[in-house]
Amino acid sequence: MFQQDSNDDTEDVALFDAEEETANRPKKSKIRHPVASFFHLFFRVSAIVVYLLCELFSSSFIACMVTIILLLSCDFWAVKNVTGRLMVGLRWWNHIDEDGKSHWVFESRKVSPEENKTISEAESRIFWLGLIACPVLWVIFAFSALFSFRVKWLAVVTMGVVLQGANLYGYIRCKVGSRKNLTNMATSYLGKQFLRQNTGDDQTS
């Protein structure tokens with residue numbers, strides 16, 4: 001368990017208190033949770049489609065804005081609480097302790113050798129593709145609205161960036177661990193590249 005001492009403490013824990021994960025866990029390409037996979041993409045894709053096409057079908061900015069924000073809110077809740085847990089075995093959440101201190105918890109399911117549970121490779125690809133691609137699109141929409149002086153839409157696209165970006169950040173933290181682990185990974189990668197380059201230079205000389 002990792003806990004970071006800061007104003008907002010963070011913890012990395014095993015989801016549902018399961019045992020250590022086996023290194024060679026089998027993966028299946030079959031979609032085991034079709035409903036979760038559908039709604040993982042439905043709300044976020046619908047929000048983007050409504051944003052792109054709403055002015056063609058409705059002259060009411062308020063109606064378009066409310067519809068998009070509702071879709072984004074449903075997507076945030078579904079991805080944070082349901083689809084991440086079912087599709088990839090990850091979950092992040094926040095709780096307040098008795099002292100009123102905020103704790104951020106990032107969980108990942110770990111399967112014991114005795115359990116015959118598998119992770120669907122197809123579901124994992126759907127999950128991460130939707131999780132990464134849609135926030136990138138909202139960032140593009142934000143720059144487009146800014147440079148085209150569509151000021152009234154900035155609040156809507158900012159909501160898209162914040163809500164979907166929060167889920168993306170939370171699940172990345174679940175996947176790779178704490179900020180310290182992220183730094184260690186980057187340092188290790190750069191060290192390996194440096195060592196490989198020096199080794200190659202020594203061999204050529």
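These legends describe close-up views of one predicted model.

Residue numbers start at 1 along each chain as its sequence is written.

**View 1. The largest nonpolar core has 19 residues.** A nonpolar core is a set of buried Ala, Val, Leu, Ile, Met, Phe, Trp, Tyr and Cys residues joined through side-chain atoms within 4.5 Å. Buried means under 20% relative accessible area, exposed means over 50%, and partly exposed lies in between (1.4 Å probe, protein chains only). Tyr51, Ile68, Leu72, Trp138, Phe141 and Trp153 have the most contacts inside this core. At least two core residues come from each of helix H1 (34–57), helix H2 (61–87), helix H3 (121–147) and helix H4 (154–176). H2 supplies the largest share, six residues. Helices (H or I, at least four residues) and strands (E, at least two) are DSSP runs, numbered from the N terminus. A second, separate core has 13 residues, including Val79, Val88, Phe106 and Leu168. In soluble globular proteins, nonpolar side chains tend to be buried together.

**View 2. Ile68 and its contacts.** Contact means heavy atoms within 4.5 Å. Neighbours within four places in sequence are left aside here. Ile68 then touches Ala47, Val50, Tyr51, Trp138, Trp153 and Val156.

**View 3. A nonpolar patch lies on the surface.** Its members are Leu41, Val45, Val49, Leu52, Leu53, Leu56 and Phe57. Together they have about 680 Å² of accessible area, computed by the Shrake-Rupley method with a 1.4 Å probe, with only the protein chains shown counting as cover for residues. Patch residues have over 30% relative accessible area and no salt bridge; like charges are joined within 9 Å, and nonpolar side chains (Val, Leu, Ile, Met, Phe, Trp, Tyr) within 5 Å. Leu41 lies in helix H1. Leu41 is partly exposed, at 30% relative accessible area.

**View 4. Arg44 forms a salt bridge with Asp75.** A salt bridge is a side-chain nitrogen of Lys or Arg within 4 Å of a carboxyl oxygen of Asp or Glu. By this rule the count is four. The closest N and O atoms of Arg44 and Asp75 are 2.9 Å apart. Arg44 is in helix H1 and Asp75 in helix H2, so the pair ties together parts 31 residues apart in sequence. Arg44 is buried, at 0% relative accessibility. Asp75 is also buried, at 0%.

**View 5. Arg150 forms a salt bridge with Glu55.** Their closest N and O atoms are 3.4 Å apart. Arg150 sits in the loop between H3 and H4, Glu55 in helix H1, and 95 residues separate these distant parts of the chain. Arg150 is partly exposed, at 26% relative accessible area. Glu55 is partly exposed, at 45%. Lys152 lies in the loop between H3 and H4. With neighbours within four places in sequence left aside, Lys152 is in contact with Glu55 and Phe61.

**View 6. Arg125 forms a salt bridge with Glu121.** Here the closest N and O atoms are 2.7 Å apart. The two residues are four apart in helix H3, so about one helical turn separates them. Arg125 is exposed, at 58% relative accessibility. Glu121 is partly exposed, at 33%.

Methods
This is a predicted model: local features need pLDDT of at least 70, side-chain atom pairs count only at pLDDT 80 or more; totals for chains, interfaces and linings use all residues. Side-chain values use heavy atoms; hydrogens and water are left out.
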